[in-house]
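Me: I would like to go through the labels used for this model one at a time. For each, please set the value against the cut-off and then conclude.

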Amino acid sequence: MTQKGGRRGSLVADKRYATPKKTPTPSKTPKPRKSRGRKSRPPRRGGIAGAIAGMVRFVLRIIWGAFWRFSMVIALVVGAATLYFYSTLPEYTKLLDGRTRGSVTMLDDQNKVFAWRGETFGGLIDAKNVSPYLRDAVIATEDRRFYHHFGISPRGIASAIAINLKDGRGPFQGNGGSTITQQVAKLLCLGVKFNPKEWKNEAAYENDCRSGGLKRKIKEVPYAFALELKYTKDQVLSIYLNRAYLGAGARGFEAASERYFGISAANDNPQQAAMLAGLLKAPSYYAPTNNLERSQARAETVLTLMHQQGYLTDRQFLDAKANPATLSEAAQRRAGGYFADWLMDTIPDFLSRGTTEDVVIHTTLDQRIQSAAEDAMQSVFTNKVSKGSSAEAAIVVMSADGAVRGMVGGRATKVTGAFNHATMAQRQTGSTFKPFVYATALDLGYTPDSMVDDAPLTVKMPGSPDWTPRNYERNFSGPITLTTALEHSVNVATVRVSEAVGRENVIKVAEGLGFAQDLPNLPSVALGVGESDLLDMTGAYAGILNGGSSVTPYGLTTLTLKGEGDPLFSKPGGIGERVISEKSARELTYMMRQVVLHGTGGRANIPGYEIAGKTGTTQSSRDAWFIGFTADYVVGVWMGNDDNTPLKGVTGGGLPAEIFHETMKRVEDGQPAKPLPMAQPSDWQAQVQQYPGDTQSAGQMTETVPQQPQQQQPQPQPQRRNPSDSILKSLLGVFGGNRN
């Protein structure tokens, strides 16, 4: 290969192929950034599908817009309501005692509590100083997320609605899903004060405060928020612990712990705490004083919740479950319900049922005697009364000065607010009235050995048909002593004595000793046609035991306001004026002793103890009585049917005497036997004067009279008749053969 120009150049090979173009290395294309705005719309659909989709989007926009606007309005309303309620809430301490009424606490003769009335408040407690088991039990049972919400629990409300619907109830009927804070809102009645013009009574007010429903739930929400803003969690819980009602008149856990267990809420063990917390669901239904086994079963459920939520270890849970809580001794007895109810009726209403203060009453009740009477009642009705019997009974135990030591107003002994047959039942007294007839005769100069003719008698009554009394046995005994007449409860002889001494005087003695007033001035008054209640009758017999002075039965010794030392007033009863002489009372006691030893009251006798008493049975056996006494106590017993139908085979010397026997046997158990304050035959036989009777009808009868008339104290009492005039005239006229 040559080059032009004659010069030799470098050899260069010919290019056989065209030089290929240099392909540039492709660079990595960056990924397109995701749009932060709207997503790319899918291609629009045409036709009907597109129109429907557009319409749906339009409706959803409207709903969303309305929803957030509505939510904003609701939030503003709730916020405003919350701020309003927040501004109305007082200081925390002013909300702890929320009772609308005060309480009445009754102490027995040993200063031990035996009864409460009204709403008892045990004292202020704090969530920090109560038993930790109690605090945990309440939270585990009522609001497990209490410390983690702001007053309401949407989860709890949804769960409650589901349970209600599942059980066939309305969504807001039954379980409410309320938090403790919402329950406090209810207890505070959303800040609404009691207005007597708006509510019929306090019960109606409280029922309205605790009513459920959607409207109430809506109101609770802002109030609960306000509570959470105003107070700490422990303060909200403290309000709840102080204001919750826990049955048996106990307001707050301190009062309930003292009521059921006799200890402070600071000392409750797990099983006691569980029982108290279990009451929150239904206080009256689960109250251990109503049904202990049911309350224990509910407590076991609470213990299980505490264990599941980690508040109890396995060992604590098993130990508490194996040893359920039991009532204190005082709570178990529940003694003196009738006594407490009667006492509430004897004091002014503004210091009892209507009190706004906490009242403390010291009483005469002896819980040992009260339990003895209750046990005696149950024993006789269990062992000696037919199961189908509807007969009722009552017992009163009293000291000679009128102090009531025990009272049972019906067969159901452990009750509150029941009809009290001892104080409310006005019934004819039958032969238990007869001692007043003989008391009058003795006080006018007769003696237990004075003679009376038990023979047919007809009493003329001006303006009315003549009246002829009959004996229970339908026979006559002829001349008998006054002692024998009372001993065997001889009707005709008793009427003869009453007419001889003057039935007006008999009425004065009976009413003076405490028998019911307004006795009928009829010959039949001697046989107990007048009406009285058991309490008054027992008090009248106490007048015989104490030597002839009247008594006013009483149960209160002092009444004070809690925290104050000086009593507002002291006992309203006791021994009053003398009605018959002490000598007459002692002679009558001797005669009544013979009733128990040899007469109709034999079943009442207790070997080793001197007992005096008298039986009584009214017409057709509608009422049966036995009232008697030892040197220590008077015990009255009544039996009858509430519908006033006759008792079947019951007389005063039967079941009532048996109840008396069982009561007095328990009352005197362990007590030294004391002699009765009674006269003896030698006391009145030392001076004897003879008066002739009607020998044709009764033979030669003697009358023992004092040589001189007895001197009486100047208190109001029956007028004494001159022995040479009144007594002799009566002997020759009525006691003898002059049969009207």
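Reply: One remark first: this is a predicted model.

Me: What makes the pair Asp-341 and Arg-117 a salt bridge?

Reply: The cut-off is 4 Å between a side-chain nitrogen of Lys or Arg and a carboxyl oxygen of Asp or Glu. The closest N and O atoms of Asp-341 and Arg-117 are 3.0 Å apart, so the pair counts as a salt bridge. The pair links distant parts of the chain: Asp-341 belongs to helix α14 (residues 337–346) and Arg-117 to strand β2 (residues 113–118), 224 residues apart.

Me: Is Arg-117 buried or exposed, and how do you know?

Reply: Arg-117 has 14% relative accessibility, and the limit is under 20%, so Arg-117 counts as buried.

Me: How many salt bridges does the structure hold?

Reply: There are 14 salt bridges in the structure. Another of them joins the side chains of Glu-587 and Lys-583, at 2.5 Å from N to O.

Me: Where do Glu-587 and Lys-583 lie?

Reply: Both are in helix α21 (residues 582–598), four residues apart, which is about one turn of the helix. An α-helix has 3.6 residues a turn, so residues three or four places apart point the same way.

Me: Why is Lys-583 called partly exposed?

Reply: That label covers values between the limits for buried, under 20%, and exposed, over 50%. Lys-583 has 38% relative accessibility, so it counts as partly exposed.

Me: What makes Arg-666 and Glu-662 a salt bridge?

Reply: Their side chains meet at 2.7 Å, N to O, which is within 4 Å, so the label applies. Both residues lie in helix α22 (residues 655–667), four residues apart, or about one turn of the helix. Arg-666 has a relative accessible area of 26%, between 20% and 50%, and is therefore partly exposed. Glu-662 has 12%, so Glu-662 counts as buried. Elsewhere, salt bridges that share partners join Lys-384, Arg-603 and Glu-658 into one network.

Me: Which residues does Glu-658 touch?

Reply: Leaving out residues up to four places away in sequence, Glu-658 touches Val-380, Lys-384 and Arg-603. Glu-658 lies in helix α22, and its relative accessible area of 13% is under 20%, so Glu-658 is buried.

Me: Why is the pair of Glu-658 and Lys-384 called a polar contact?

Reply: The cut-off for the N or O atoms is 3.5 Å. The side chains of Glu-658 and Lys-384 make their polar contact at 2.5 Å, which is within that limit.

Me: What is the relative accessibility of Thr-663, and why is it called buried?

Reply: Thr-663, also in helix α22, has 0% relative accessibility, so it counts as buried. A polar atom of the Thr-663 side chain lies 2.8 Å from the backbone oxygen of Ile-659. Beyond neighbours within four places in sequence, the residues in contact with Thr-663 are Ala-373, Ala-376, Ile-395, Val-397 and Val-635.

Me: What covers the buried residues of α19?

Reply: The cover includes α16 (434–443), β10 (459–461) and α18 (491–501). The buried residues of helix α19 (residues 503–512) include Arg-503, Asn-505 and Val-506. Gly-514 follows α19, and its phi is positive, near 120 degrees.

Me: What makes β1 and β5 a pair of strands?

Reply: Pairing needs at least two bridges. Strand β1 (residues 103–107) and β5 are joined by four bridges and run parallel, so they pair. Thr-105 stands opposite Val-360 in β5.

Me: How many bridges join β5 to β15?

Reply: Five bridges join β5 to strand β15 (residues 556–561), and the two run antiparallel. In this pairing His-362 stands opposite Thr-558 in β15. Strand β5 (residues 359–363) is mostly covered, as four of its five residues are buried.

Note on methods
Residues numbered from 1 in each chain as written. Predicted model: local features only at pLDDT ≥ 70, side-chain atom pairs only at ≥ 80, totals over all residues. Heavy atoms only, no water. Buried < 20%, exposed > 50% of the residue type's maximum accessible area, 1.4 Å probe, protein only. Contact = heavy atoms within 4.5 Å. Polar contact = N/O pair within 3.5 Å; in protein donor to acceptor, adjacent residues only side chain to side chain.
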